[in-house]
Amino acid sequence: MTTTLAAPLAPFADALLVPRRLLAAQESGRLSVPIRAGAHRFHRDLPESAIWGYDGTVPGPTIEAERGQPVTVRWRNELDGTLPVAVTTAPVAADASGVPAAMCPGPERRRPDPNAAALSGYTVVHLHGGLVPASYDGWTENLFAPGQDAVFHYPMDQRAALLWYHDHVMGVTRFGVYAGLAGLWIIRDQRERELGLPEGRRSRCRC
């Protein structure tokens, strides 16, 4: 059987995307972030793809907080529809030589996974690397449904760090993140400022 491969996409064709910044200090430490469906073009030569995103974007807004200044986030679940990611299953666990099918290139006669295709917009947000009380950690079964809000309190009692926040639903975290539910969270402190690290948007990187 002959397989026709598409031409590779041109690398470094799109300007580096800089997400919107949410500065907690400018909002008295109280933020509201919608979680909703949207569209994103991953490369100039590709059509737009349906996504789920924080504020409807991929990646979500970059949240910046100050050490020792608590942050409260109202996560608003405005998702509708089903998972915007095509998930497939391989017909066999391994090929004839024992190589796991999921690791083989090509279509592999994969079938759509009806269980994943039926997933609706239940979500929970986990701040990865954050030192937070258990009730606001975004554990995998602490879900909230479309139309519901979840208010989480983050103490920010830790040193400067680059963290990330993401969907954390039990068993399907990878699907939520693939769909776009991820963003950066930066903690600032005086020690970091003393290092004189570069900051701002002067760079015009292309990726």
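This note reviews the predicted model in numbered points, from the overall fold to single residues.

1. Basis of the analysis. The model is predicted, so that local features need pLDDT of at least 70 and side-chain atom pairs count only at pLDDT 80 or more, while totals for chains, interfaces and linings use all residues. Residues are numbered from 1 along each chain as its sequence is written, and side-chain values use heavy atoms, with hydrogens and water left out.

2. Overall composition. The protein chain contains 3 helices and 11 strands; these elements are DSSP runs numbered from the N terminus, with helices being H or I of at least four residues and strands being E of at least two. Along the sequence the pattern reads β-β-β-β-β-β-β-α-β-β-β-α-β-α. Of the 207 residues in the protein chain, 35% are buried. Here buried means under 20% relative accessible area, exposed means over 50%, and partly exposed lies in between, with a 1.4 Å probe and protein chains only. Among contacts in the protein chain with a separation of 6 or more, 67% join residues 24 or more positions apart; contact means heavy atoms within 4.5 Å.

3. The sheet of 4 strands. An open sheet with mixed pairing is formed by 4 strands in the order β3-β2-β5-β9. Strands β3 (49-54) and β9 (149-154) stand at its edges with a single partner strand each, so one side of each has no neighbour in the sheet. Neighbouring strands of this sheet are turned by 20 degrees against each other on average, direction ignored. Such angles are taken between axes, which are lines fitted to C-alpha atoms (for helices over the stretch in contact), and run from 0 to 180 degrees between N-to-C directions. Two strands are said to pair if DSSP finds at least two bridges between them.

4. Strand β2 and its two partners. Strands of a sheet pair through backbone hydrogen bonds, either parallel or antiparallel. Strand β2 (residues 30-40) pairs with β3 in the antiparallel sense over 6 bridges. On this side, A37 stands opposite W52 in β3, and G38 has I51 in β3 as its bridge partner. With strand β5 (residues 71-77), β2 pairs in the parallel sense over 6 bridges. There, the bridge partner of L31 is V73 in β5.

5. T72 within strand β5. Residue T72 lies in strand β5. Which side chain does the side chain of T72 meet in a polar contact? The partner is the side chain of H153, at 2.8 Å; a polar contact is a pair of N or O atoms within 3.5 Å, where within protein one must be able to donate a hydrogen and the other to accept it, and residues adjacent in sequence count only if both atoms are side-chain atoms. T72 is buried, with a relative accessible area of 11%. Not counting residues up to four places away in sequence, T72 touches G29, R30, L31, V151, F152 and H153.

6. The sheet of 5 strands. A further open sheet, also of mixed pairing, has 5 strands in the order β1-β4-β11-β10-β8. Its edge strands are β1 (21-23) and β8, each of which pairs on one side only. The twist averages 25 degrees from one strand to the next. Strands β1 and β4 (residues 62-66) pair in the parallel sense over 3 bridges, and L23 stands opposite E64 in β4.

7. R188 within strand β11. Residue R188 lies in strand β11 (residues 182-188). Is R188 buried or exposed? At 16% relative accessibility, R188 counts as buried. Its side chain makes a polar contact of 2.9 Å with the side chain of E192. Leaving aside neighbours within four places in sequence, R188 is in contact with E64, A65, E66, R67, A160, R193 and E199.

8. H128 within strand β8. Residue H128 is placed in strand β8 (residues 125-128) and is partly exposed, with a relative accessible area of 39%. The C-alpha atoms of H128 and H166 are separated by 7.5 Å, although these residues are 38 residues apart along the chain. Beyond its neighbours within four places in sequence, H128 is in contact with L163, W164 and H166.

9. Aromatic residues. The whole structure holds 7 aromatic pairs; rings of Phe, Tyr and Trp (its six-membered ring) pair if their centres lie within 6.5 Å. One aromatic cluster is formed by Y54, W75, Y136, F152, Y154, Y165 and W185.

Key
Rings of Phe, Tyr and Trp (its six-membered ring) pair if their centres lie within 6.5 Å; planes under 30 degrees apart count as stacked, over 60 as edge-to-face and the rest as tilted.
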